[in-house]
Amino acid sequence: MRTHGWSLVLLAGLVACNGASDGVSAAAGGAVVRFADRDPGTVPGGPGAGKGYAIGREATPTEIASWDTDVAPDGATLPAGQGTAAEGAVLYKAQCQACHGAKGEGMAPAFPALIGRPKEAEGFVFAKDPKLVRTIGNYWSHATTLFDYIKRAMPLTAPGSLTDDQVYALTAYLLAANEVIAPTATLDAQALRAVKMPYTDRFVPDDRRGGPDVR
Amino acid sequence: MVSRRDWIIGSAGALGGAVLTGMPDAATSQGAPAVPAVPVDPTKVPGGPTSARGERSPFETPSRAPTGEITGNSLTPLEKLTGQITPSDLHFERHHAGIPVIDPSTHALLIHGLVDRPMRLSMDDIRRFPQVTRVHFVECAGNGRAAFRAPKPDLTPQKVSGMISNTEWTGVPLATVFREVGVRPEATWFLAEGGDACLMTRSVPMEKALDDALLVWAQNGEPLRPAQGYPLRLLLPGWEGNINVKWLRRLELGTAPWMTRWETSKYTDPLPNGTARRFSFEQDAKSIITTPAHPERLSSRGWRPISGLAWSGRGRIQRVEVSTDGGTTWHEAELMGPSLPKATVRFQYMWNWEGQASRLLSRATDETGYVQPTRSALIAARGIGTDYHFNQIVGCDVATDGAVTFFGES
């Protein structure tokens, strides 16, 4: 039995969320229908109110597991394995340095800087000067993002080729080089979950809402 | 006597599209477009035959001027276009690990996480749902950076603002598909993942899925172009380009954002108070004059339209104003055609140029009452280090000799 009750939840959310854009476009146009309100019962020839189309097939657990590699900030899906910053330093030279530079300085614009804590860029002062370089240490908000991204996308020429141990090692190296963890550190799932990035608390929700204010 | 023009057209019919398709690119890359031999009187000789696929006149050679890297971009030549729809082959590109080759017969979308029934949908499955067709723009969040950082006289509209394109998309509302899988009430975010070599991932609040999000497979009446996500992309109208995940293969529903690289390290907006905005999705109202514009030169005095595009990620454009005196006075421009929500609308203002030096500007207002700001107003709000969502007022200077150069506040 499928649940269709969520559209009611949504109606509540509609009022609560981002009233500016939704409310205004409905008021000005009158013709914009939120798709959530497009029940199969309103589609000519459709299966009728509250019914489904029964299209597609159930995804198997194997299919899902083979693609579902993402790691969120809670680190709940981090795999087994471990790596040290020292191991990561060796891997960095072999796998990353060609694009990101020997010192992680990057190669603009395609290959971003990874490493660096210059004094002038500390304190999250990036709004005052576009030349200040954002690195993992002075900008990134979550250590789990490193693991997730390296595993899914790096290196550019052979994405997905690193083992979980190697990804832990590279994550450890980059965090240590950015003075976030000790140079002697070993990372595994538990240790990575515990890492707090220096400026994680500086990120705020978007407060732009349209209307006369420039934000 | 077989002219070059006859040869081009004739061989297209005989050999299929391959030869013809190769030619304009080859010619353009050498810097000299192939100039056809034109009969003295085209009405006195038979024309060319029909062909498998139409091509542009050899006199027209718009180009996206690609950077040529797999992590690079190519820009829509706004000054070469009219109307509101961007031709599919001129839609801007921004890729992060190249354009994948995907066989639509094996491509599938997995939907899992906080749903009653995790599902696998083939492309055939997805096309069986009731379809919708909508016109929306896609604009890169970094569009306008060059003109914001370093306004230079030789910037063309393509270089100033070429990461905006406007398309008629066809697909299925994400809400229809989410209804089918049975979204659990506790689901508040979903992760969208692309099937390219960086497995692009972005977190999206559930409200957007229930509002106007689409799973699209068609662009301007035909399947998506590979560079726009063939065979399937997520389309989140009005939101920054990056989150409109191309080559879509997976949607996972959850209770919190995933904090992917693309929504933390990138696509965040530092503010002067030592914080940074995260999940700043909407593209605020913006406009650009596409004619007159550099490198155009006004060859004669007299009446001409000042024309361009305006758009807002928050809904419809309500008005566009044009100034011909550098912003001292503003005049209401005509909106040409319907102003659709989260779509570009073309504007024009008729102008009688009498040879005087002039500064032309345009300023858009959307239906929320938001007025396109000046560069200094943006800097006051966000700081000069702001790195995305550039929508400052720009324009051009027309010199007494008719030369047109870009103008952006510096």
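Me: Two strands pair if DSSP finds at least two bridges between them, and a strand is a DSSP run of E, at least two residues long, numbered from the N terminus. What makes strand S21 (residues 358–366) of chain B and S22(B) a pair?

Reply: Four bridges join them in the antiparallel sense; the cut-off is at least two, so they count as a pair. One bridge has B:Leu361 across from B:Gly395 in S22(B). Bear in mind that this is a predicted model, where local features need pLDDT of at least 70 and side-chain atom pairs pLDDT 80 or more, while totals for chains, interfaces and linings use all residues. Residues are numbered from 1 along each chain as its sequence is written, with chains lettered from A and ligands numbered from 1 in the order in which they are written.

Me: How do you know that S22(B) pairs with strand S23 (residues 404–408) of chain B?

Reply: Five bridges link these antiparallel strands, and B:Val398 sits opposite B:Val404 in S23(B). Their hairpin has five residues between the strands, and B:Gly402 there has a positive phi near 90°.

Me: Why is strand S22 (residues 394–398) of chain B called largely enclosed?

Reply: Four of its five residues are buried, so the rest of the structure largely encloses S22(B). Buried means that 20 or more other C-beta atoms, placed from the backbone, lie within 10 Å of a residue's own.

Me: What makes S14(B) a partner for strand S4 (residues 203–205) of chain A?

Reply: Three bridges, in the parallel sense. Here A:Pro205 faces B:Arg278 in S14(B).

Conventions: A residue is buried if 20 or more other C-beta atoms lie within 10 Å of its own, exposed if 12 or fewer, and partly exposed in between; C-beta atoms are placed from the backbone.
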